[in-house]
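I opened my notebook next to the viewer and jotted down what I looked up, entry by entry. Have a look along with me.

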Amino acid sequence: MTVAGYTFRNPSLPETALTHSSYANETAAANNERLEFLGDAVLGFITAEALYEQDPKMPEGELTKLRAGYICEKSLAGAARRLGLGEQLRLGRGEKADGGGGRDSILADAFEAVLAAIYLDGGVGPCREMVKASLLSHPPAGPVRDAKSRLQEVLQGQGRPSPEYRIVKESGPDHKKVFVVEALIDGVPAAQGTGRSRKTAEMAAADKALEGYKK
């Protein structure tokens, strides 16, 4: 089975990577959320590595900002569209009727899940090729200084650890899921954000947390 230009030895990996939770809830199939979790980490490493090697003189703060622009939801959704992942997604009836195959949040998650599947099947080498061709070879679609990056910069400037994010609530049907995420600073809840995807909710929480640092 070939997905994102990569031919898998284990066909179950891409099948799972392309299975949204709405489809899994209607069948006995596994969804792509665990793969998305792994893919997020693989993507972060590959993007950081590529940017680090691209400009040896770019300072850490600028690297962080540029990486944020590349790994934001909008950029990942654009990469997923270039790879045609929307047409290959397995969606539940309600999600499909609601146009879920074209939604940025679902496409971004699918991109990360497919990346994880490639990593598990073929290692980091083909992952680098896929990310470079579909994502890093195009201008970042998102702002290079999103709320999560700005909050991290503020805390780093104070010598404090990076913020953490945790889901505190999920509600709504699978095709209209709403997430509530809490931003924790020094392990203490600082703000909550709501969104149609985990990433959007995290960004909203970070934006609210930043209000406490505005002068």
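Before anything else, a ground rule: I call it a contact when heavy atoms lie within 4.5 Å. Helices (H or I, at least four residues) and strands (E, at least two) are DSSP runs, numbered from the N terminus. The model is predicted, so to speak of local features I need pLDDT of at least 70 and for side-chain atom pairs pLDDT 80 or more, while totals for chains, interfaces and linings use all residues. Residues are numbered from 1 along each chain as its sequence is written, and side-chain values use heavy atoms, with hydrogens and water left out.

**Entry 1: helix 3 and helix 9**

I started with helix 3 (residues 33-54) and helix 9 (residues 124-136), which pack at an angle of about 70° with their axes 10 Å apart. Axes here are lines fitted to C-alpha atoms, for helices over the stretch in contact, and angles run from 0 to 180 degrees between N-to-C directions. That makes helix 3 and helix 9 roughly perpendicular; the classes are roughly parallel under 35 degrees, roughly antiparallel over 145, roughly perpendicular from 65 to 115, and oblique for the rest. From helix 3 I listed Val-42, Leu-43, Phe-45, Ile-46, Thr-47, Glu-49 and Ala-50, which meet Val-124, Cys-127, Arg-128, Val-131, Leu-135 and Leu-136 in helix 9. By class, the residues of this contact are ten nonpolar, one polar and two charged. For the classes, Ala, Val, Leu, Ile, Met, Phe, Trp, Tyr, Cys and Pro are nonpolar, Asp, Glu, Lys and Arg are charged, and the others, Gly among them, are polar.

**Entry 2: helix 4 and helix 5**

Next I checked helix 4 (residues 60-71) and helix 5 (residues 73-82), whose axes are 4 Å apart at an angle of about 50°. Helix 4 and helix 5 are therefore oblique to each other. Gly-69, Tyr-70 and Ile-71 of helix 4 make the contact with Glu-73, Ser-75 and Leu-76 of helix 5. I noted three nonpolar, two polar and one charged residues there.

**Entry 3: Glu-112**

Is Glu-112 buried or exposed? Glu-112 counts as buried, at 1% relative accessibility; buried means under 20% relative accessible area, exposed over 50%, partly exposed in between (1.4 Å probe, protein chains only). I found Glu-112 in helix 8 (residues 104-122). Leaving aside residues up to four places away in sequence, Glu-112 touches Leu-35, Glu-36, Gly-39, Asp-40, Leu-43, Leu-76 and Lys-199.

**Entry 4: cysteines**

How many disulfides does the structure hold? I found zero disulfides, a disulfide being a pair of cysteine sulfur atoms within 2.5 Å. The sulfur of Cys-72 has its closest cysteine sulfur in Cys-127, 20 Å away, which is too far for a bond. Cys-72 is buried at 12% relative accessibility, and Cys-127 is buried at 0%.

Last, I traced an open sheet of three strands in the order 3-4-5, with antiparallel pairing; two strands pair if DSSP finds at least two bridges between them. Strand 3 (164-171) and strand 5 (188-195) are the edge strands, each pairing on one side only. Seven bridges join strand 3 to strand 4 (residues 178-185), and Glu-164 stands opposite Leu-184 in strand 4. Helix 11 (residues 198-210) packs on the sheet and touches strand 3, strand 4 and strand 5. Strand 4 and strand 5 are also joined by seven bridges, and I noted Val-188 as the bridge partner of Ile-185. In their hairpin, with two residues between the strands, Asp-186 takes a positive phi near 55°.
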